[in-house]
Amino acid sequence: MKHSIILAAAALSAAIVSAGTTAAVDGKKLYSEKTCNACHGPLGNKALMPDYPKIAGQNKAYIVKQMQDIKSGARANGNSAAMKGVMHLVSDAEIEAIADYVSKLKP
């Protein structure tokens with residue numbers, strides 16, 4: 001009996017952690033929460049300023065690399081300063097989720 005209770009508790013804990021992880025990497029939700037939509041538009045295809053990139057449909061690996069480079073400071077040209085202030089709030093898993101979401105948007 002005691003063994004069954006421990007197994008049930010462990011399964012419940014794993015389910016809660018798994019559900020929390022899934023919610024934490026929802027690219028569509030993160031795109032809005034991390035304010036990507038403020039500059040790149042609600043669907044990534046209508047940027048706020050003419051010199052901001054339209055990112056909808058962009059290659060996922062490219063998006064990840066650009067976000068990582070801005071976050072690390074390796075990329076500090078152009079309008080990357082606007083993103084630098086936000087990128088410290090975005091984890092690597094969130095970068096992957098946002099990039100995956102954006103790569104699937106229609107340009």
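**View 1. The largest pocket is lined by 27 residues, with H40, P53, I55, I70 and M83 lying nearest its centre.** Helix 3 (36-40), helix 4 (60-72), helix 5 (80-87) and helix 6 are the elements that give two or more residues to this lining. A pocket is an open set of points on a 1 Å grid over the protein atoms alone, where a 1.4 Å probe fits, with protein on both sides within 12 Å along at least five of seven lines; lining residues have an atom within 4 Å of a point. Helices are DSSP runs of H or I with at least four residues, numbered from the N terminus. The volume of the largest pocket is about 570 Å³, taken as the space filled by probe spheres set on the points, with grid points joined across faces, edges and corners. By class, 16 lining residues are nonpolar, eight polar and three charged (nonpolar: Ala, Val, Leu, Ile, Met, Phe, Trp, Tyr, Cys and Pro; charged: Asp, Glu, Lys and Arg; polar: the others, Gly among them). The model is predicted: local features need pLDDT of at least 70 and side-chain atom pairs count only at pLDDT 80 or more, while totals for chains, interfaces and linings use all residues. Residues are numbered from 1 along each chain as its sequence is written, and side-chain values use heavy atoms, with hydrogens and water left out.

**View 2. H40 lies in helix 3 and is among the residues nearest the centre of the largest pocket.** H40 counts as buried because its relative accessibility is 9% (buried is under 20% relative accessible area, exposed over 50%, partly exposed in between; 1.4 Å probe, protein chains only). A polar atom of the H40 side chain lies 2.9 Å from the backbone oxygen of P53. Neighbours within four places in sequence aside, H40 is in contact with Y31, N45, K46, A47, P53, I55 and M83, where contact means heavy atoms within 4.5 Å.

**View 3. M83, in helix 5, touches H40, M67 and I70, not counting residues up to four places away in sequence.** With a relative accessible area of 25%, M83 is partly exposed. Its C-alpha atom is separated by 8.1 Å from that of K71, 12 residues apart along the chain.

**View 4. Y31 and Y101 form the one aromatic pair that the structure holds.** The pair is tilted, at 5.7 Å centre to centre and 55 degrees between the planes. Rings of Phe, Tyr and Trp (its six-membered ring) pair if their centres lie within 6.5 Å; planes under 30 degrees apart count as stacked, over 60 as edge-to-face and the rest as tilted. The pair links distant parts of the chain, with Y31 in helix 2 (residues 27-33) and Y101 in helix 6 (residues 92-103), 70 residues apart. Both Y31 and Y101 are buried.

**View 5. S103, in helix 6, is in contact with G57, Q58, K60 and I63, leaving aside its neighbours within four places in sequence.** A polar atom of the S103 side chain lies 2.8 Å from the backbone oxygen of D100. S103 counts as partly exposed because its relative accessibility is 21%.

**View 6. Q68 has its place in helix 4.** At 33% relative accessibility, Q68 counts as partly exposed. The C-alpha atoms of Q68 and M87, 19 residues apart along the chain, are separated by 8.3 Å.

Note on methods: Polar contact = N/O pair within 3.5 Å; in protein donor to acceptor, adjacent residues only side chain to side chain.
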